[in-house]
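Subject: Handing over a structure, with notes on what was found

Dear colleague,

I am passing this structure on to you, and I would be grateful if you could look through it with the notes below at hand.

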Amino acid sequence: MSLPSARPAVCVYCGARPGVGEQWLQYAHLMGEAIAARGWRLVYGGGNVGLMGAVADAALANGAEVIGVIPERLLTLEVAHRGLSELVVVQTMHQRKQRMAELSQGFVALPGGIGTFEELFEVWTWRHLGYHQYPIGLLNVQGFFDGLLSFLAHTEATGFTDASQHAMLTVEQDPGALLDRMASPMASSTGRFQLI
Ligand code: AMP
């Protein structure tokens, strides 16, 4: 585990694909810029593909420190970003997600696929269970997550989730607005992420 740094680190989960149309890459770029503009560090899955590559490139181009965490198997498939401030190589996907969480004080999901969903739901479950107190943001650009939010309302109406769980998600359409709402809980959260 590394020691906490003075600069907050936000972990971004997002698509390894670019999506259809240019707009999704553009939003990832804006998120990378917004992280750098706040002097924060970016932690992410270490890939150079899709939205992942776009958010990392934009953060780096604007002076942010970017830490990628990637399993050895994906490294050898040559999808790793080779220009990062730091590339942490781990053995397994579980180690990767734990390491990404340990390095971060906040979590953001951008548009993505099953990998993004899995990471989002895992870190959300960890918060519900008390493993951390850090904020979790959803960048709901162009209504990407509207269907998910409707389904989550259905899960509350049917009694399988509750309002306190939903309140753990911060939802915004604009990258800067999302980070600004997360800044204070990121700074005030006490204790480190600990998966025990
Ligand atoms: P997906 O949303 O299915 O495109 O998966 C993206 C998420 O899963 C990212 O946040 C990564 O942490 C992880 N991931 C999936 N594919 C890759 C890849 N080729 N390189 C690095 N990370 C990946």
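In these notes a residue is called buried when its relative accessible area is under 20%, exposed when the value is over 50%, and partly exposed in between, computed with a 1.4 Å probe on protein chains only. Please keep in mind that this is a predicted model, in which local features need pLDDT of at least 70 and side-chain atom pairs count only at pLDDT 80 or more, whereas totals for chains, interfaces and linings use all residues. Residues are numbered from 1 along each chain as its sequence is written, and side-chain values use heavy atoms, with hydrogens and water left out.

The sheet

Helices (H or I, at least four residues) and strands (E, at least two) are DSSP runs numbered from the N terminus. Seven strands make an open sheet in the order β4-β3-β2-β1-β5-β6-β7, and their pairing is parallel; two strands are said to pair if DSSP finds at least two bridges between them. The edges are taken by β4 (86-90) and β7 (169-172), each of which has a single partner strand, so one side of each is left without a neighbour in the sheet. On average, and with direction ignored, neighbouring strands are turned by 25 degrees against each other; axes here are lines fitted to C-alpha atoms, for helices over the stretch in contact, and angles run from 0 to 180 degrees between N-to-C directions.

Within the sheet, strand β1 (residues 9-13) and strand β5 (residues 106-109) run parallel and are joined by four bridges, and valine 12 has valine 108 in β5 as its bridge partner. Helix α1 lies across β1, β2 (41-44), β5 and β6, and runs at about 175 degrees to β1. Helix α4 (residues 93-102) also packs on the sheet, where it touches β1, β2, β3 (66-71), β4 and β5, and its direction makes about 160 degrees with that of β3.

Salt bridges

A salt bridge is taken to be a side-chain nitrogen of Lys or Arg within 4 Å of a carboxyl oxygen of Asp or Glu, and the structure holds five of them. Glutamate 118 and lysine 97 meet in one, at 2.3 Å from N to O, and this pair links distant parts of the chain, since glutamate 118 is in helix α5 and lysine 97 in helix α4, 21 residues apart. Lysine 97 also meets glutamate 122, at 3.3 Å from N to O. Glutamate 122 lies in helix α5 and lysine 97 in helix α4, so the pair ties together parts that are 25 residues apart in sequence. Glutamate 118 is partly exposed at 36%, while lysine 97 is buried at 5% and glutamate 122 is buried at 19%.

Elsewhere, arginine 181 forms a salt bridge with glutamate 172, with the closest N and O atoms 2.9 Å apart; arginine 181 is partly exposed at 45%, and glutamate 172 is partly exposed at 23%.

A buried arginine

Arginine 127, which lies in helix α5 (residues 114-128), is buried yet has no salt bridge, and the nearest side chain of opposite charge, aspartate 162, is 11 Å away. Leaving aside neighbours within four places in sequence, arginine 127 is in contact (heavy atoms within 4.5 Å) with His132, Gln133, Tyr134, Pro135, Ile136 and Met168.

Aromatic pairs

Rings of Phe, Tyr and Trp (its six-membered ring) pair if their centres lie within 6.5 Å, and planes under 30 degrees apart count as stacked, over 60 as edge-to-face and the rest as tilted. The structure holds five such pairs. The rings of tryptophan 24 and phenylalanine 144 have centres 5.7 Å apart and planes at 65 degrees, so this pair is edge-to-face. Tryptophan 24 is in helix α1 (residues 23-37) and phenylalanine 144 in the loop between β6 (136-139) and α6 (146-157), 120 residues apart. Trp24, Tyr27, Phe144 and Phe145 form one aromatic cluster.

With kind regards

Methods:
Lys, Arg positive; Asp, Glu negative; His and termini not counted.
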